Amino acid sequence: MSILVNRDTRLLVQGITGREGAFHTEQMISYGTRVVAGVTPGKGGSWGVGNTPIFDTVQEAVHATGANVSIIYVPARFAPDAILEAADAGIPLIVCITEGIPALDMLKVRAYLDTTGSRLIGPNCPGLITPGEAKVGIMPGYIHARGPVGVVSRSGTLTYEVVYALTLRGIGQSTAVGIGGDPINGTSFVDVLKMFEEDPETEQVVMIGEIGGTDEERAAEFIRTKMTKPVTAFIAGQTAPPGKRMGHAGAIISGGKGTAADKIAALQAANVQVARHPGEIAEIVAARL
Amino acid sequence: MNLQEFQAKRIFGQYGIPVPQGEVATTPAEAAAIAARMGGPVVVKAQVLVGGRGKAGGIKLAHTPAEAEEVTGRILGMSIKGLTVKKTLVDPAADIRKELYLGLVLDRGRRRVVMMASSEGGVDIEEVAARTPEKILTVAVDPFLGLREYQARDLALGLGLPKEQWGAFTRICQGLYECYLGCDASLAEINPLAVLGDGALKALDGKMVLDDSALFRHPDLAALRDEDDETPEERTARLNDLSYVKLDGEIGCMVNGAGLAMATMDIIKFYGGAPANFLDVGGGARADKVAAALRIILSDPNVKAVLFNIFGGITRGDEVARGILAALAEVPTRVPMVVRLVGTNAAEGRAILAQANMITAETLAEAAQKAVAAAKGA
């Protein structure tokens, strides 16, 4: 078992003919992900990377191929539309890689998604991977290995850093999910923690948070009251000054809220072991196996 | 992107919010002329993007044009929290009876735009929130329904405004909400919203923060960016599409990815050093971008060592290595450099850098310790 994506994932790529979309589609296919369709309006009827059939609309693609997960690589100004189109076509899992979507657009998109049966991962995220089964994202596949640790993170390369350290120690991952660095996203830490708690393959969880917002505090509350599996956490941005955006749109301490110290305190109060630096995460996880 | 007070109030005025008819002065003589035209007492306000201008002496009342000229002369050129005042706003003085607070922010947890109001206006709202949170009233706005009249009325009632002011207050609330949406703001704040002697409401101070991700659809607002408000390094970073924040430490950092960049800063601190900056070169960073980033880092005289932490995924180690060499050829330096390359094409990258005189490291912990040691030895 694993969560969200696996061997049965039939992936649709929105924006398959763009530079990013084409490059990563090739990478996903060579990892073994079943890419069944691509969508680029106006290019329906042609064939994309890996001989993937291209459609004009998501609806057509779903009808013809039975796609059940969509990944979005379209530019920020078109991404909200792409997410809504996927949801309206009934795709249950939508992964949006795109960075730089205006927050007020995401506010509406998320409120609309809540009225549908679709789950969004991201935006501004690396995607997710179930090692050996499906890579739905832009992460380098070879740094992962299959195993008992669930990983959930707001970051991209910091997740690679942690996952690679686990893999080099011979500790594999059930699924690694990047929920993204934007202030309004589709899936929270709590959503993913709940899935890992229910997943029989996942024995322990690594959670990588960062400054900004209160998603980590909510996660701490969930861990304290609902979780039985051990969680190891790291919070990036302990040295970040207030009021400055640290790369990610969501990584900002504003109005005195969202500091690393608050998040670490909340997690420690929930009996989560918080690593002092990324290298410590794999050590803590190894000691718990 | 932050707007200056005079810009924010001008925009508020376009959305029907009553604002003082102020003018901008960049010389004392201009301020005197504006005050003479206005004909009464004026307030001269430093236009810098920091809080606490009043306490710093950047806001002064002047009763005559001569006095306006004199205080403007004192305010211009003043340094407030490290920023030099180059502009002042001259507003007609107002007969203030009461100061309220009215603001809109994006509440991430509730996933709503939230309107906040308080009877404790004119002071730092964060202090009010910390000391007397019950004095801040909030209403959450549904993104599809918008701010409704009854919600604004609830706030008016909560603030204890008399019935005669409900209409004007509601129009200001709705104007501010329309302004927030229309500009893609992440913060829009009137503080104080003053109740004047004649019972009218007026936005005496304004603050707006715009969502950088939405500036593409607001070229008029993007054009309001004032080059005086950013350092040359911040400007170079912005034009090269680099995420950069200057800090006070001695170890320059170049990292790909925001989370990893923050973690790199943190681990430098953990091993007893201090980061000089946050810098994310982004995904797929090419040689020219890396070179621009290195020039920014080396332009900081505090920097005693540079740490490169690159986890190759989309970003290729060999590309980054070439960028570092290109930058070093342009900007020769004696600052010690510690490089840690992992992931895609890391071996090729390390081979390219072997000819340069650089300290290498396998893990992030090792790299941080070596950078801290190098900075102390320099």
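**Figure 1. Strand β3 of chain B is mostly covered.** In this predicted model, 5 of the 5 residues of strand β3 (residues 42–46) of chain B are buried. Buried means under 20% relative accessible area, exposed means over 50%, and partly exposed lies in between (1.4 Å probe, protein chains only). Strands (E, at least two residues) and helices (H or I, at least four) are DSSP runs, numbered from the N terminus. Val42(B), Val44(B) and Ala46(B) point one way from β3(B). Val43(B) and Lys45(B) point the other way. Strand β4 (residues 59–62) of chain B runs antiparallel to β3(B), joined by 4 bridges. Two strands pair if DSSP finds at least two bridges between them. Here Val42(B) has Ala62(B) as its bridge partner in β4(B). Strand β7 (residues 88–92) of chain B also runs antiparallel to β3(B), with 5 bridges. In β7(B), Asp91(B) is the bridge partner of Val43(B).

Residues are numbered from 1 along each chain as its sequence is written, and chains are lettered from A and ligands numbered from 1 in the order in which they are written.

**Figure 2. An open sheet of 7 strands lies in chain A.** The strand order is β3-β4-β2-β1-β5-β6-β7, and the pairing is mixed. Which strands stand at the edges? They are β3 (47–48) and β7 (119–121) of chain A. Each has a single partner strand, so one side of each is left without a neighbour in the sheet. Inside the order, β2 (residues 35–39) and β4 (residues 52–55) of chain A run parallel and share 2 bridges. Gly38(A) has Ile54(A) as its bridge partner in β4(A). Helix α3 (residues 79–88) of chain A lies across β1 (11–14), β5 (69–72), β6 (93–96) and β7 of chain A. The helix runs at about 170 degrees to β6(A). Axes are lines fitted to C-alpha atoms, for helices over the stretch in contact, and angles run from 0 to 180 degrees between N-to-C directions.

**Figure 3. Helix α4 of chain A is largely enclosed by the rest of the structure.** Of its 11 residues, 8 are buried. Among them are Ala103(A), Leu104(A), Met106(A) and Arg110(A). The buried residues pack against α3 and β7 of chain A. They also pack against β8 (96–107), β9 (112–118), α6 (163–183) and β11 (185–196) of chain B. Look at Arg110(A), which is buried at 12% relative accessibility. Its side chain reaches the backbone oxygen of Asn185(A) at 3.1 Å. This is a polar contact: a pair of N or O atoms within 3.5 Å, where within protein one must be able to donate a hydrogen and the other to accept it, and residues adjacent in sequence count only if both atoms are side-chain atoms. Leaving aside neighbours within four places in sequence, Arg110(A) is in contact (heavy atoms within 4.5 Å) with Ile184(A), Asn185(A), Gly186(A) and Arg111(B).

**Figure 4. Chains A and B meet.** In the interface, 50 residues of chain B are in contact with 54 residues of chain A. The two chains bury about 4000 Å² between them, 66% of it on carbon and sulfur atoms. Buried area is the accessible area (1.4 Å probe) that two parts lose on being put together, summed over both. Arg108(B), Arg111(B) and Phe311(B) supply 18% of the area that chain B buries against chain A, more than any other three residues. His277(A) sits in the loop between β14 (273–274) and α9 (278–288) of chain A. This histidine is buried, with a relative accessible area of 6%. Its contacts beyond four places in sequence include Phe234(A), Ile267(B) and Phe270(B).

**Figure 5. Asn277(B) is buried in chain B.** Asn277(B) belongs to strand β16 (residues 277–280) of chain B. Its relative accessible area is 2%. What lies 2.9 Å from a polar atom of its side chain? The backbone oxygen of Cys253(B) does. Beyond four places in sequence, its contacts include Tyr244(B), Leu247(B), Met265(B) and Ile297(B).

Notes:
This is a predicted model: local features need pLDDT of at least 70, side-chain atom pairs count only at pLDDT 80 or more; totals for chains, interfaces and linings use all residues. Side-chain values use heavy atoms; hydrogens and water are left out.
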